[in-house]
Amino acid sequence: MQPDHAPDFGTGQKKLGIYSIGFIACVLLTVIAFATVISARFTPMVTLAIIFIAACLQFFVQILCFLRLNVATEQGKINVMSFVFTGVILVSIIAGSLWIMWNCNYYMSH
């Protein structure tokens with residue numbers, strides 16, 4: 001027996017348009033970061049800020065366009081909450097590790 005509807009993964013319909021927009025946006029953000037470094041027109045801090053902003057924007061473009069994370073359905077909300085929980089755990093582990101390493105370095109040198 002075939003189910004009469006496809007399973008809902010909370011990602012919505014697959015459409016070529018959203019993939020095309022995501023691809024073009026990612027290429028543009030990559031070119032912006034690359035051109036910033038190659039041109040060497042900015043100070044190192046401004047260059048790092050531009051690269052960081054482009055990377056963050058590209059992260060959100062990939063989340064929205066390629067993973068199609070949204071809250072339109074109940075399963076989509078569960079997907080977003082799982083993604084946020086994963087981010088919180090990663091930040092906790094990284095921040096805790098950096099804090100431990102800083103303390104070890106501080107107490108070993110004093």
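Modeller: Let me begin with a definition: a residue is buried under 20% relative accessible area, exposed over 50% and partly exposed in between, using a 1.4 Å probe and protein chains only. This is a predicted model, in which local features need pLDDT of at least 70 and side-chain atom pairs count only at pLDDT 80 or more, while totals for chains, interfaces and linings use all residues. Residues are numbered from 1 along each chain as its sequence is written, and side-chain values use heavy atoms, with hydrogens and water left out.

Biologist: Is Cys 26 buried or exposed?

Modeller: Contact here means heavy atoms within 4.5 Å, and, leaving aside residues up to four places away in sequence, Cys 26 touches Gln 58, Val 61, Gln 62 and Phe 66. Because its relative accessibility is 8%, Cys 26 counts as buried.

Biologist: How is the protein built from its elements, and in what order do they run from the N terminus?

Modeller: Helices (H or I, at least four residues) and strands (E, at least two) are DSSP runs, numbered from the N terminus. The protein has three helices and zero strands, and from the N terminus on the order is α-α-α.

Biologist: What is the reach of helix 3 from its first C-alpha to its last?

Modeller: The expected span of a helix is 1.5 Å times one less than its number of residues. Helix 3 covers residues 74–109, 36 residues in all, for which 52 Å is expected, and its reach is close to that, at 53 Å.

Biologist: Which elements are included in what covers the buried residues of helix 2?

Modeller: The buried residues of helix 2 are Thr 47, Ala 54, Gln 58, Val 61, Ile 63 and Cys 65. Thr 47 counts as buried because its relative accessible area is 14%, and, not counting residues up to four places away in sequence, Thr 47 touches Thr 36, Val 37 and Phe 42. The cover over the buried residues of helix 2 includes helix 1 and helix 3.

Biologist: What separates the C-alpha atoms of Glu 74 and Gly 10?

Modeller: Glu 74 is found in helix 3 and counts as exposed because its relative accessibility is 56%. Along the chain, Glu 74 and Gly 10 are 64 residues apart, whereas their C-alpha atoms are separated by 7.1 Å.

Biologist: What radius of gyration does the protein have?

Modeller: The radius of gyration is taken over C-alpha atoms, and the globule rule is 2.2 Å times the number of residues to the power 0.38. Along its principal axes the C-alpha trace spans about 70 × 40 × 20 Å. For a compact globule of 110 residues the radius would be near 13 Å, but the protein has 20 Å.
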